[in-house]
Amino acid sequence: NIFLIEKKKTELYQELGLQARDLRFQHLMSIGTRNNRIIMRMEFLKAVITPEFLLILDYRNLNLEQWLINELASQLAGEGQLVTYSLPFEFRAIEAILQYRISKLQGRLNTLQPQILETLEALVDPKLLSVDRSKLHILLQNGKSLSELETDLKVFKETILEILDEEELIEELCLSKWSDPRVFEESTSGIDHAEEMELLLENYYRQAEDLANEARELRVLIDDSESIIFINLDSHRNVMMRLNLQLTMGTFSLSLFGLIGVAFGMNLESSLEEDPRIFWLVTGIMFLGSGLIWRRLLSFLGRHLEPPLPPHVPAVLKKSQPASGRVEIKSNLRAETFGLSRSTLTSQ
């Protein structure tokens, strides 16, 4: 049965047998017990669980109506997919709230994951000479959302882990065990409700851990993609610098042999300007000399920009291990610097 009630806080405290401090909900996520009542908060969802009913506080403006009517009612009635349908009411209520929280976290991750992957695929393209700022802005927003999701998952896990570390808290969550004599007899006859509650909390802790691992993989992928982006940008930057250097060397070579033309253009009289072949001869010498100097400079640049070869390590060390357990290492190394022709190293 689902119904709406409106009461003052003082009346609600008296009816539930709680104090004002119990319903202040100071933490974003918390699970605690007070006076045989379970007080839960999962971010915006605030609830009080008793052995008879589940009270959702301040549900308006939270878009919870569909969940309350379509999902929660059937789960509490034992018609849903909850594994605690045969256990007391508080088990179904706790599992319904935890499942709602996990489904919200899973939905946020399912929304972020394709967006992040699509953005990273567009950014790490090696054909791009520059980075699209709009894509970087989208990646920044998704990174912030991913950080918030990781924080929420961490708080969720810590909240459950605090209860799993204390057996007394697990016992206190089993409300019907202490209020219903029939349930108490079942718990003493073989059905351990505290163990069932522990298994329930561990199940949702593992689900949160799986979501945290997926979020962590996305974070690592973002970091790796940033490194690839920087490498691509550095590679394009090096190409542009090398092209600029080659053009500078070509200009230098042409200017160097252009001094010949400058010398002949000083309006000085000599016998050379009377020969019609001198113009073509000087022009040919200028271009030929400039080309040779440019090729020499390019060859010099290529030799100094090539990556150095790795040092040669002679693979002459041999390792043998006899049955007695001694290990002998013999090596024949030619050390020309020190004038040694052969050396034998033996170690035990």
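At 9% relative accessibility, I39 counts as buried (buried means under 20% relative accessible area, exposed over 50% and partly exposed in between, with a 1.4 Å probe and protein chains only). The structure is a predicted model, in which local features need pLDDT of at least 70 and side-chain atom pairs count only at pLDDT 80 or more, while totals for chains, interfaces and linings use all residues. Residues are numbered from 1 along each chain as its sequence is written, and side-chain values use heavy atoms, with hydrogens and water left out.

I39 is found in strand β2; strands (E, at least two residues) and helices (H or I, at least four) are DSSP runs numbered from the N terminus. When neighbours within four places in sequence are set aside, the residues in contact with I39 include L18, L23, F25, I31 and A47 (contact means heavy atoms within 4.5 Å). I39 and I49 are separated by 10 residues in sequence, and their C-alpha atoms lie 6.5 Å apart.

A47, one of the contacts of I39, has I56 in β4 as its bridge partner. Strands β3 and β4 pair in the antiparallel sense over 4 bridges, pairing being assigned if DSSP finds at least two bridges between two strands. The two strands are joined by a hairpin through 4 residues. In a regular strand the side chains alternate between the two faces of the sheet. In β4 (residues 54-57), L54 and I56 point one way and L55 and L57 the other way, and all are buried.

A search of the whole structure finds 5 salt bridges, each defined as a side-chain nitrogen of Lys or Arg within 4 Å of a carboxyl oxygen of Asp or Glu. Side chains of opposite charge can pair when their charged atoms come close. In the salt bridge between R101 and E43, the closest N and O atoms are 2.6 Å apart. R101 lies in helix α3 (residues 89-123) and E43 in the loop between β2 (38-42) and β3 (45-49), so this pair ties together parts that are 58 residues apart in sequence. R101 is buried, with a relative accessible area of 5%.

R108 and D152 also meet through their side chains in a salt bridge, at 2.8 Å from N to O. Because R108 lies in helix α3 and D152 in helix α4 (residues 133-164), the pair ties together parts that are 44 residues apart in sequence. R108 is partly exposed at 27% relative accessibility, whereas D152 is buried at 15%.

The side chains of K157 and E209 form a salt bridge with an N to O distance of 2.8 Å. K157 is in helix α4 and E209 in helix α8, so parts that are 52 residues apart in sequence are tied together. K157 counts as buried at 14% relative accessibility, and E209 as partly exposed at 24%.

Q75, in helix α2 (residues 65-76), is buried with a relative accessible area of 11%. Its side chain is joined to that of Q99 by a polar contact of 3.2 Å (a pair of N or O atoms within 3.5 Å; within protein, one must be able to donate a hydrogen and the other to accept it, and residues adjacent in sequence count only if both atoms are side-chain atoms).

On the surface, F252, L256, L259 and V262 form a nonpolar patch with about 390 Å² of accessible area together. Patches are made of residues with over 30% relative accessible area and no salt bridge, with like charges joined within 9 Å and nonpolar side chains (Val, Leu, Ile, Met, Phe, Trp, Tyr) within 5 Å; accessible areas come from the Shrake-Rupley method with a 1.4 Å probe, and for residues only the protein chains shown count as cover. F252 is placed in helix α8 (residues 193-264) and is partly exposed at 49% relative accessibility.
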